Amino acid sequence: MKLKDCIFRDKKRLAGLLFFVLIFGLTVYYIVGQIKPHDIARAYLEAYKPFLFLSISMVFVFLFMQGLCYKVCFSAMGIKTTLTANFRYSCADFFGAAITPSATGGQPLCAYFMAKDGIPVYKSGPILLLQTIVFKTILIILSLAALFIRPDFAMKSGALGKWLFILGVVINIVVVAVCFMAMFSTSALFSLGSGIISLLERLHISRRADELREKYRHWLEEYARSSNFISKNVKAVLFTVFFTVIQRLALFAIPYFIYRSMGVSIDAKAVDFFALQIILSMSVDSMPSPGAMGISEMLFRKFFNHIYSAEVISSAMVLTRGISHYFCMAFTAVVSLIGYIVIHKHKKKEI
């Protein structure tokens, strides 16, 4: 690798880290502006612990279900993996997505750990791509179902919430459609992409057209392998869909369990909390912010303000996001770090 490329890559990593720190800092500033630190502690201390712990358990269900998806797909490929290893891959996926401005930003870190366990990228790639497609497709279906059941929730969230929800649905549908085109109509999509790259070159926007075209070709080859995996392993795909539905619903259940833990008396049903959280998740899914930090906290107040009173909504926001995102991010960071240390210790022993 050239020195220039190494410097460019290091600069990108530093810029990404600084962006994460900036967004995290602004989010903390926003939260502290809405609720004082001692009120956060009081919200936790006054919460009914069984439901609070049930909320925390949903995080582990979420991570474990994704691990099961990996396990089933690897088994279909004839690759033996342990539940512990697959749980570590799941943690790496969440942590990577939480610190990068992309919902699929965790996949490179996940692929890294898989590669260190002897699973080459050409085998892990199709599984990770399948996960992306299933994950986004289920979110689209659940979002449309939530909109059908409670259309007033999206309409009452204000102009920002409404348009972000529409944007999220459109972007996710486009992404899934492009993924399917890449898997089942590779030549047509390559011609389209190659044409766009040539246009960028003529407009002097890109100076590395050949390199981009090669990367694009490699990306399409990964999707072609995914289509082969899907057609040959329908049973594994169906299990992946089933586990992903449970995974999604586990995380969406956290706001309801937090509400039960707070002991507040409000006129709302469990389905209302599920619908609100699903619509909220869709609204922030395509936002270029690490873990949708900042925007999620702001939209929580917009979406849940007609369920919670002004006195308790900040506490509900802190507990909900604290468990569903920040606790999960901290836990997966620890698991990923331990996994990284173990890998490098084994490397040193081999040397």
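**Helices, burial and packing**

The protein has 15 helices and zero strands, where helices (H or I, at least four residues) and strands (E, at least two) are DSSP runs numbered from the N terminus. This is a predicted model, in which local features need pLDDT of at least 70 and side-chain atom pairs count only at pLDDT 80 or more, whereas totals for chains, interfaces and linings use all residues. Residues are numbered from 1 along each chain as its sequence is written, and side-chain values use heavy atoms, with hydrogens and water left out.

Q: Why is Gln-247 called buried?
A: Buried means under 20% relative accessible area, exposed over 50%, and partly exposed in between (1.4 Å probe, protein chains only). Gln-247 has 0% relative accessibility and therefore counts as buried. This residue is found in helix H11 (residues 234-252).

Q: With which residues is Gln-247 in contact, leaving aside its neighbours within four places in sequence?
A: Contact means heavy atoms within 4.5 Å. On that basis, Gln-247 is in contact with Phe-62, Met-65, Gln-66 and Phe-135.

Q: What makes Thr-320 count as buried?
A: The relative accessibility of Thr-320 is 2%, so Thr-320 counts as buried. Thr-320 lies in helix H15 (residues 313-350). Neighbours within four places in sequence aside, Thr-320 is in contact with Ile-254, Pro-255, Ile-258 and Phe-300.

Q: Why is Leu-167 called partly exposed?
A: Leu-167 has 38% relative accessibility and therefore counts as partly exposed. Its place is in helix H8 (residues 158-184). The C-alpha atoms of Leu-167 and Ser-283 are separated by 7.3 Å, although the two residues are 116 apart along the chain.

Q: What makes H13 mostly covered?
A: Of the 15 residues of H13, 12 are buried. Among them are Asp-272, Phe-273, Gln-277, Leu-280 and Ser-283. For the protein, 47% of the 351 residues count as buried.

Q: How do you know that the span of helix H3 agrees with the value at 1.5 Å a residue?
A: The expected span of a helix is 1.5 Å times one less than its number of residues. The 28 residues of H3 (residues 49-76) should therefore span 40 Å, and the end C-alpha atoms are 41 Å apart, which agrees. H3 is followed by Gly-78, whose phi is positive, near 85 degrees. H13, with 15 residues, reaches 22 Å from its first C-alpha to its last, close to the 21 Å expected.

Q: Why is H6 called oblique to H13?
A: Axes are lines fitted to C-alpha atoms, for helices over the stretch in contact, and angles run from 0 to 180 degrees between N-to-C directions. Helix H6 (residues 121-149) and helix H13 (residues 270-284) pack at an angle of about 130 degrees, with their axes 9 Å apart. That makes H6 oblique to H13, since angles under 35 degrees count as roughly parallel, over 145 as roughly antiparallel, 65 to 115 as roughly perpendicular and the rest as oblique.

Q: Which residues of H6 and H13 meet?
A: Leu-139, Ile-140, Leu-142, Ser-143, Ala-146 and Ile-149 in H6 meet Val-271, Ala-275, Ile-278, Ile-279, Ser-281 and Met-282 in H13. By class, this contact of H6 with H13 comprises 10 nonpolar, two polar and no charged residues. Ala, Val, Leu, Ile, Met, Phe, Trp, Tyr, Cys and Pro count as nonpolar, Asp, Glu, Lys and Arg as charged, and the others, Gly among them, as polar.
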